[in-house]
Structures are given as C-alpha cells and as structure tokens.
Amino acid sequence: MNEGGSIADSSLVSVDEPPLCPPSVVAAPSVDANYSRSDLSFRSRLDAEKSGRWSEWKWQIRNRLRSVGALLECFPELRMSAEINEVVARYPMAITPYYASLIQRLDDLDPVFRMSIPQIQELRDPPFLKADPLEEDQDMPVPGLIHRYRDRALVMATTTCAMYCRHCTRKRVAGTRESTLSVPRIRLIHEYLTAHPEIKDVIISGGDPFTMETSALERILEAVRSVPSVELIRIGTRTPVVLPMRITPELTAMLRKYHPIWVNTHFNHPQELTPEASNACTALVDAGIPMGNQSVLLRGVNDDPEVMAQLCRGLLRMRVKPYYLFQCDLVRGVEHFRTPLAKGLEIMEYLRGRVSGLAIPTFVVDTPHGGGKVPLLPNYIVSMSPTHTVLRNYEGMMVQYPEPRYRHETEHAPIACAETPEGVWQIASGRQTAIIPMGGERAVRRARKSRVVSLK
Ligand code: SF4
C-alpha cells in the first residue's frame, strides 16, 4: 500500500531492547533436561511486569519476535530447518510476547504455535493456489479500497499486524512492508465513497487497523464518517486475540465518537480466550460496540466439533457473537491448514442442538474469482411435496410441516399409495406427522416424564 507512515519506521520501534522471551511454556519432548525454559521466560515476564511494560501495547509491538534468530533465542529448544529463513523471507513473521506466552507446547500440536510459528509447508503449494484467490486487487477502484458487494466497501488501512497469522488470506500484503494509508490516499477513498452513495457499510481492515496510532486511525474514521451516505463502520481487528492491551480507554473514547461502529475479531481456539482477551472485549462492548467473531476453519487447530463448541460458548460469555466460520481460502502458503468442506458441515451439524443458536456461526466459503461468500449448511430438508415439507432435526427426527391450505386446494390430491407401511413419503403426503428415532436422549427424557405422570 504506500507512502504513509508506519509502525515499523515510527518512533515506536526501539532497537536497543533485546527481544523478550515469553512467559512459561510447557517444554516440548526434545527439551534438554538441564535447561529450565519456563524459569527464563517467567523471569522475563516478571521483569516486564515489574517495570509495568508488559501491559503496554507499544512495548508489545516493539518486542515482537520478528526473525528466526529472535525465535530461537526465546525458544532455544525449538528445532527448525534452515529453510525456515526462506519462509520468513517470503511471508513475514511477527509474534507479540503476549501471544507467544499462550503457547503451551513447542510443536504444531499446539494451536497457538501452529497459527504463529512459520512452517516449511508454507513453501509447498499445489499449483491451483493463488496469491490473491479472491481477486481483491481487481476490485480495487482506488488504491486501498475494495468494492465488491454493491453496498459495502473495504478499506485496507494498513499492512501491519501485531501477529502475522500463518493462515492469513492476505499473505500477499500483510507485513510485506509495514505501512499505513497516506493522507492523499485517504482523500481519494473519501472522494470515491462520496461518488458512490450506494455504499452504506464500510469495513476498515488491513492488516490490522488497531496497530495504528489512535490519531492515524481517527483520520480514516473521520474521513469515512463524513460521507453522509455511509451508515455503518465496521473494523476488523485481531488485537483482542494477539494484543489485548491495545484496547485502551484512549482508543475506546476515540471510537465512541464515530458510532455506529461494529468490531469483528478473529478468535480460532479456546486457548486464546484469556482473561486479558476477555477484558479487551468487555472494554469494546462497554463502549457500545457490538462484537462479532470470524473464525477460520484450520486443520490441526479447530477442525474438531467439540473445540469449536467450546470456542463458540466462550465467545458468547465474552459477549462476542460467533459470526462467520470461514472455509480456508485457496491462498498460497496455507495448504497445510485446509480442511475438506465436509469437515465444516460436520461441525455445523454437531453445533446445532448442542449450543445456543446465538453461538452458531454461519459457515461460509469465500468463492474464488471474487464471487463473494456462499453459506453452507447441512441439509435439513428431506423432501418437499405440494402439501407437506419433511424436515430433519439434529437428532434425526423427521417431521412434517404442512404447507398453507390454499396450496392444497389448487394442487392435485396426493396419489394414494396403499400398503406403504412407513417412510418419508408417508410424511410428505400428509399420512403421518413424524418419524421419531427411539432411544435418543430427548425421547428417553420424555418417556421418563410420561411414566412419572402416569404414576401420579
Ligand atoms: S491479523 Fe488478519 S490480516 Fe493480519 S495476519 Fe492475521 S489474518 Fe492476516
């Protein structure tokens, strides 16, 4: 993106400070028994906390692990092949000390490790993966603004993130050069929005807009809010997950001035639901900002129905609505994260009936060639006839839903089919109201209740 100022080249960066090792990490099996990793990291965190700096967001940004050397200095027991330097050269690495502190074991069985530590597989692309599969660059009428859906536009406010997710859809830009939108480009974006009053909803994204100085972000919000036709501003940020100390009173006070503002964040695993993350979400919600969560379905991270159920329940407890569950895009460098579409459907099937409907996200595929999001659902319609629709519930119960009467009267009467003892057709034709599997938890509960009633 551009000629504007950046976190990296601003006064936020101090070259004097050595990289900081994160706090206690459960040792990987290969750890040298004489080496006490958790002592070292615990001391480091204590030092940072003593000086009050651990909770400073700019200190966290300055002390991100940005190179293989810094990573090995903090995790000396980590075994990495020399090729990792190639990975980092192609796809930048940055991990805040806070996020590194959430790693519980040093291998890719750990979800936080897997999402943040570069892997050799990022260089092993099948030929059909693209740098920009959603063709965002082709829907960019002015630099830094994507206009795909008629009533929405997305502003790429910065290319900087606090942590570079290894599964990022915008790997082609995120972190390649840490920069933010310049004033002339903000002006161009303002002109475009003014000339397109059909755009009602503007998403400020990146990169991560909350890595910007509050005043720099405010310049963008001011410009967008001054367009009379813009109704809603949404901000996409992963800072509540990877840099929760960024949600300061100064930031929320600034955001309040530009309501209605919504924030969508990006939690992927219950291990990320920490007290710090919860405080960050609370601060945003208490500032009147509704929050949604956009998870990405990732192999080895959250491709497990129960993990996803725990995540969604935990998000609701933090007053964050699980909004989307994204199928991994066909992006270069992420093949090792992709799951079959069937996995997403299996998870959706599991969630329905087990967690509150409020906790269930919409499973979507962002289609290649910029086709936009397509929601996918398990099929709950078993059959449809002019008179009855047969629905299946999460337990496998099949039940009829009679169509409105006026439709019966204009259709032919159902063909009589004598001697059909049971089956979906019996419900579809109105001869039977439901097929209920016996022995399910609910059926047993009901049977127990009716026994109690008949005993009275
Ligand atoms: S925070 Fe968002 S834009 Fe940044 S690396 Fe992660 S997924 Fe990509």
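The side chains of Arg-172 and Asp-132 form a salt bridge at 3.7 Å, N to O, a term that requires a side-chain nitrogen of Lys or Arg within 4 Å of a carboxyl oxygen of Asp or Glu. Arg-172 is in the loop between strand 2 and helix 7, and Asp-132 is in the loop between helix 6 (111-116) and strand 1 (145-146), so the pair ties together parts 40 residues apart in sequence. Helices (H or I, at least four residues) and strands (E, at least two) are DSSP runs numbered from the N terminus. The model is predicted, with local features requiring pLDDT of at least 70 and side-chain atom pairs counted only at pLDDT 80 or more, while totals for chains, interfaces and linings use all residues. Residues are numbered from 1 along each chain as its sequence is written, and side-chain values use heavy atoms, with hydrogens and water left out.

**Salt bridges**

Side chains of opposite charge can pair when their charged atoms come close. The structure holds 23 salt bridges.

| Pair | N to O distance |
|---|---|
| Arg-172 and Asp-132 | 3.7 Å |
| Glu-178 and Arg-64 | 3.2 Å |
| Asp-286 and Arg-319 | 2.8 Å |

The burial classes are set by relative accessible area: buried is under 20%, exposed is over 50%, and partly exposed lies in between (1.4 Å probe, protein chains only). A network of salt bridges with shared partners joins Asp-132, Glu-136, Asp-137, Arg-170 and Arg-172.

The salt bridge between Glu-178 and Arg-64 has an N to O distance of 3.2 Å. It links distant parts of the chain, 114 residues apart: Glu-178 is in the loop between strand 2 and helix 7 (183-195), and Arg-64 is in the loop between helix 2 (57-62) and helix 3 (68-74). Glu-178 is buried, with 8% relative accessible area, and Arg-64 is buried at 6%.

**Pockets and cavity**

Pockets and cavities are found on a 1 Å grid over the protein atoms alone: a cavity is a set of points where a 1.4 Å probe fits but cannot get out, a pocket is an open set with protein on both sides within 12 Å along at least five of seven lines, and lining residues have an atom within 4 Å of a point. The largest pocket has a volume of about 1000 Å³. It is lined by 42 residues, and those closest to its centre are Leu-154, Arg-170, Ser-205, Gln-294 and Phe-326. Elements giving two or more residues to this lining include strand 2 (152-156), strand 3 (201-205) and strand 7 (320-326). The lining divides into 20 nonpolar, 12 polar and 10 charged residues; here Ala, Val, Leu, Ile, Met, Phe, Trp, Tyr, Cys and Pro count as nonpolar, Asp, Glu, Lys and Arg as charged, and the others, Gly among them, as polar.

The second largest pocket has a volume of about 300 Å³. Its lining comprises 14 residues, and Glu-395, Gly-440, Glu-441, Arg-442 and Ala-443 lie nearest its centre. By class, this lining has seven nonpolar, one polar and six charged residues.

A search of the whole structure finds one cavity of 30 Å³ or more. The largest cavity has a volume of about 50 Å³, and the residues lining it are Tyr-91, Pro-92, Tyr-164, Cys-165, Arg-166, Cys-168, Lys-171 and Ala-174. Six of the lining residues are nonpolar, none are polar and two are charged.

**Surface patch and individual residues**

Ile-381, Met-384, Leu-391 and Tyr-401 make a nonpolar surface patch of about 400 Å². Such patches consist of residues with over 30% relative accessible area and no salt bridge, with nonpolar side chains (Val, Leu, Ile, Met, Phe, Trp, Tyr) joined within 5 Å and like charges within 9 Å. Met-384 is part of strand 10 (residues 381-384) and is exposed, at 59% relative accessible area.

Met-397 is located in the loop between strand 11 (388-392) and strand 12 (398-402), where it is buried at 16% relative accessibility. The C-alpha atoms of Met-397 and Met-438 are 9.1 Å apart, although 41 residues separate them along the chain.

How values were computed: Accessible areas come from the Shrake-Rupley method with a 1.4 Å probe; for residues, only the protein chains shown count as cover. Grid points are joined across faces, edges and corners, and a volume is the space filled by probe spheres set on the points.
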